[in-house]
Amino acid sequence: MHQNLLIITQFISFLYSLSLLSLQHFTFGYCTMSPAMVMAAKTKQNDNLESQYQKGVKHLCENGINKVPKKYILPVSDRPNMKDRELINVKKQNLKLPIIDFAELQGSNRPQVLKSLANACEQYGFFQLVNHGIPSDVISSMIDVSTRFFELPFEERAKYMSSDMQSPVRCGTSFNQNKDDVFCWRDFLKLMCNPISDVVPHWPSSPVDLRRLMATYAKETKYLFLMIMVSILESLGLVGTTEHKTEEDEILKDFEDGSQLMVVNCYPPCPEPNLTLGIPPHSDYGFLTLLLQDEVEGLQIQHQDKWINVEPIANAFVVNVGDHLEIFSNGKYKSVLHRVSVNPMKSRISVASLHSLPFNYMVKPSPKLINEENPRGYKDTDFSSFLEYISSCEPKRKNFLESRKLC
Ligand code: OGA
Ligand code: NI
């Protein structure tokens, strides 16, 4: 009897490993299995499937699928398909993110561009940055080496799979694969970038040029982040005049030593893109995120209760305000919800570079932005409270920022 059960469960496992069909597709009515045997077979099968999903979407797709497994199917209300009417409205209004020209920001037009920058951070929480000066070969090499990393055999990428949030390198899938009930359609490589010379030796050694190309990219984006922060601080009226010079130097020094996390996202083609998402709605934790996306659309931001597509612009960065900047600006600049939809045909790569103060620093509203009209709106917060928060509950929507708000 025991023997039979073993053979039957092994046979079913074998069938599944061939077909990856879900268990519900089988009927057991015709065979002689007892309910207990069916349960045992189901449990074993579920365990097998669970461990498949933990290996990531790329691995799942390599096994050949033509349907989205149940594990990735969102409840109807959370699915991405915009109603036709909404889509048409967005197209009609031609809603696009504000574009900030970095070169112009450094020139005689700076006051006007600072106003546009302030407006973008207040109204959208997002802007596209063009003419930023990072050489285009640094950018194309970053996308190229990221693509090659995700093309490595699963076993090579698996070396870097870890659930340790503090690890300098971490491969994984979904949003929080230890907590998510429904998985999202994304694999990622997360690299800590500070202090750069300490962490690079921990980064993947394959492809052979990964460390060199990604370290160059990380340094370039860090410098660009610092330059954008100078403008952001000036646009908030905090620095820029000679009397503020030392203060500006001090804040910048803190950011120079600050934290940088690079998240390389891979979204494989999805057979049923309306049922799932690459990343569910979320906000980013830091001061600013500099996002590089390839030519495939996917990023959507929430604006006036609608989801709008962020059109890819070659060589541009999508820059967004994170939770820490919303707190620091005492709510003036908005950390806005965004999500990623997936594509039926094309694989998509993006690289998010998240910047903040050093991990052990407190982030609090700037005293100069607190007054009678604008009372302090947020509690002091540090990075470890964020880590505690995400490991203790599902990081859905703006929960973390909400938890830092003073009523
Ligand atoms: C992120 C993110 C957007 C994208 O990694 O936090 O929002 O387009 N990514 O991949
Ligand atoms: Ni994000």
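In the predicted model, helix α13, which spans residues 383–392, gives the most to the lining of the largest pocket, with 5 residues. The volume of this pocket is about 860 Å³, and of the 50 residues that line the largest pocket, F175, R186, K190, Y285 and L354 are the closest to its centre. By residue class, the lining of the largest pocket divides into 26 nonpolar, 15 polar and 9 charged residues.

A metal site is also present in the model, in which the nickel ion (ligand 2) is coordinated by the NE2 atom of H282, by OD of D284 and by the NE2 atom of H338, at 2.1 to 2.2 Å. Along the chain, the donors of the nickel ion (ligand 2) follow the spacing H-x1-D-x53-H. H282 is part of strand β6 (residues 279–282), whereas H338 is part of strand β11 (residues 338–340), so the pair ties together parts that are 56 residues apart in sequence.

Turning to the packing of helices, the axes of helix α6 (residues 110–123) and helix α10 (residues 210–235) come within 9 Å and cross at roughly 85°. With angles of 65 to 115 degrees counted as roughly perpendicular, α6 and α10 are therefore roughly perpendicular to each other. The contact brings R110, L114, L117, A118 and C121 of α6 to V230, S231, I232, E234 and S235 of α10, and the residues of this contact of α6 with α10 divide into 6 nonpolar, 2 polar and 2 charged.

Several features of the backbone are found in loops. The peptide bond that leads from N194 to P195 is cis, with omega near -15°, and P195 itself lies in the loop between strand β4 (187–192) and helix α9 (196–199). A cis peptide bond is likewise found from S206 to P207, where omega is near -10°; P207 belongs to the loop between α9 and α10.

Technical notes:
Residues are numbered from 1 along each chain as its sequence is written. Chains are lettered from A and ligands numbered from 1 in the order in which they are written. This is a predicted model: local features need pLDDT of at least 70, side-chain atom pairs count only at pLDDT 80 or more; totals for chains, interfaces and linings use all residues. Side-chain values use heavy atoms; hydrogens and water are left out. Axes are lines fitted to C-alpha atoms, for helices over the stretch in contact, and angles run from 0 to 180 degrees between N-to-C directions. Helices (H or I, at least four residues) and strands (E, at least two) are DSSP runs, numbered from the N terminus. Angles under 35 degrees count as roughly parallel, over 145 as roughly antiparallel, 65 to 115 as roughly perpendicular and the rest as oblique. Contact means heavy atoms within 4.5 Å. Ala, Val, Leu, Ile, Met, Phe, Trp, Tyr, Cys and Pro count as nonpolar, Asp, Glu, Lys and Arg as charged, and the others, Gly among them, as polar. On a 1 Å grid over the protein atoms alone, a cavity is a set of points where a 1.4 Å probe fits but cannot get out, and a pocket is an open set with protein on both sides within 12 Å along at least five of seven lines; lining residues have an atom within 4 Å of a point. Grid points are joined across faces, edges and corners, and a volume is the space filled by probe spheres set on the points. Donors are N, O and S atoms within 2.8 Å of the metal (3.2 Å for Na, K and Ca); water is not among the atoms, so sites may look incomplete.
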